[in-house]
Amino acid sequence: MKAGKKKDTWLELKAKTFKVFADPTRLRILETLREGEKNVSSIVEKLELKQSTVSQHLRMLKECGVVSSRKKGREIHYRLRTDKVTKILDEGDELLTLTIEDLTSCVCPRSEEHTSELQSH
């Protein structure tokens, strides 16, 4: 594989990695898992989301390597796969603190629907 093609593939995978973190529902789930391992029911209860919604996002997060799971009896418990996920969430918080003014007027995909939520935090 040529060097340019290899770099393009790497950048495409890197973009895909960031897309995993780009959904507010997935971020809510990840923030909940920062507190420690949880089963689907406890995530559903805490976030007040439908079980099917939580399960769908957990499946995607697991397939993308961000969370891992283990079976405990009849339940499946999920946790962040690595401390690096926590670091990304922490760095995201720090970056948001530094750039919140810019982000409120940024022309990013979906930014307008979340602008009022950002300003209220």
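# Notebook: helix packing and core

**Entry 1. Overall layout.** I read the order of elements along the sequence as α-α-β-α-α-β-β-α-α. I note that this is a predicted model. The tally I have for the secondary structure of the chain is six helices and three strands. I looked up burial next: 25% of the 121 residues of the chain count as buried. I also checked contact range. Taking contacts between residues at least 6 apart in sequence, I find that 50% join residues at least 24 apart.

**Entry 2. Helix 2 against helix 3.** I turned to helix pairs, since two packed helices are described by the angle between their axes and the distance between the axes. I started with helix 2, residues 24-34, and helix 3, residues 40-47. Their axes come within 11 Å and cross at roughly 115 degrees. I therefore class helix 2 and helix 3 as roughly perpendicular to each other, a class that runs from 65 to 115 degrees. I have the crossing of helix 2 and helix 3 down as right-handed. I then listed who meets whom: helix 2 brings Arg28, Ile29, Thr32 and Leu33, and helix 3 brings Ile43, Lys46 and Leu47. Sorted by class, this contact of helix 2 with helix 3 has four nonpolar, one polar and two charged residues.

**Entry 3. Helix 3 against helix 4.** I followed helix 3 to its contact with helix 4. The two pack at an angle of about 120 degrees, and their axes are 9 Å apart. That angle makes helix 3 oblique to helix 4. I record the crossing of helix 3 and helix 4 as right-handed. From helix 3 I listed Val40, Ile43 and Val44, which meet Gln51, Val54, Ser55 and Leu58 of helix 4. In the contact of helix 3 with helix 4 I get five nonpolar, two polar and no charged residues.

Entry 4. I looked at Glu48, which lies in the loop between helix 3 and helix 4. I checked the backbone there: phi of Glu48 is near 55 degrees, a positive value in a residue other than glycine. I flagged it because most residues other than glycine have a negative phi. I also looked up the accessibility of Glu48, and at 71% relative accessibility it counts as exposed.

**Entry 5. Helix 2 against helix 5.** I went back to helix 2 for its contact with helix 5. I have an angle of about 115 degrees for this pair, with the axes 11 Å apart. The crossing of helix 2 and helix 5 is left-handed. On the helix 2 side I listed Leu27, Leu30, Glu31 and Arg34; on the helix 5 side, Val85, Thr86, Leu89, Asp90 and Asp93. By class, the contact of helix 2 with helix 5 has four nonpolar, one polar and four charged residues.

**Entry 6. The core.** In soluble globular proteins, nonpolar side chains tend to be buried together. I looked for the largest nonpolar core here and found 18 residues in it. Which members touch the most others? They are Ile29, Leu30, Leu33, Leu58, Val66 and Val67. Helix 3 gives the most, with four residues. I took Leu30 as one member to trace. Setting aside neighbours within four places in sequence, I find Leu30 in contact with Phe21, Leu61, Val66, Val67, Leu80, Val85 and Leu89.

**Entry 7. His57.** I looked up His57, which lies in helix 4. Is His57 buried or exposed? At 12% relative accessibility, His57 counts as buried, the cut-off being under 20%. Not counting residues up to four places away in sequence, I list Asp23, Thr25, Arg26 and Ile29 as touched by His57.

Note on methods. Residues are numbered from 1 along each chain as its sequence is written. This is a predicted model: local features need pLDDT of at least 70, side-chain atom pairs count only at pLDDT 80 or more; totals for chains, interfaces and linings use all residues. Side-chain values use heavy atoms; hydrogens and water are left out. Axes are lines fitted to C-alpha atoms, for helices over the stretch in contact, and angles run from 0 to 180 degrees between N-to-C directions. Angles under 35 degrees count as roughly parallel, over 145 as roughly antiparallel, 65 to 115 as roughly perpendicular and the rest as oblique. A crossing is left-handed if the near helix is turned anticlockwise from the far one by less than a right angle, and right-handed if clockwise. Contact means heavy atoms within 4.5 Å. Ala, Val, Leu, Ile, Met, Phe, Trp, Tyr, Cys and Pro count as nonpolar, Asp, Glu, Lys and Arg as charged, and the others, Gly among them, as polar. A nonpolar core is a set of buried Ala, Val, Leu, Ile, Met, Phe, Trp, Tyr and Cys residues joined through side-chain atoms within 4.5 Å. Buried means under 20% relative accessible area, exposed over 50%, partly exposed in between (1.4 Å probe, protein chains only).
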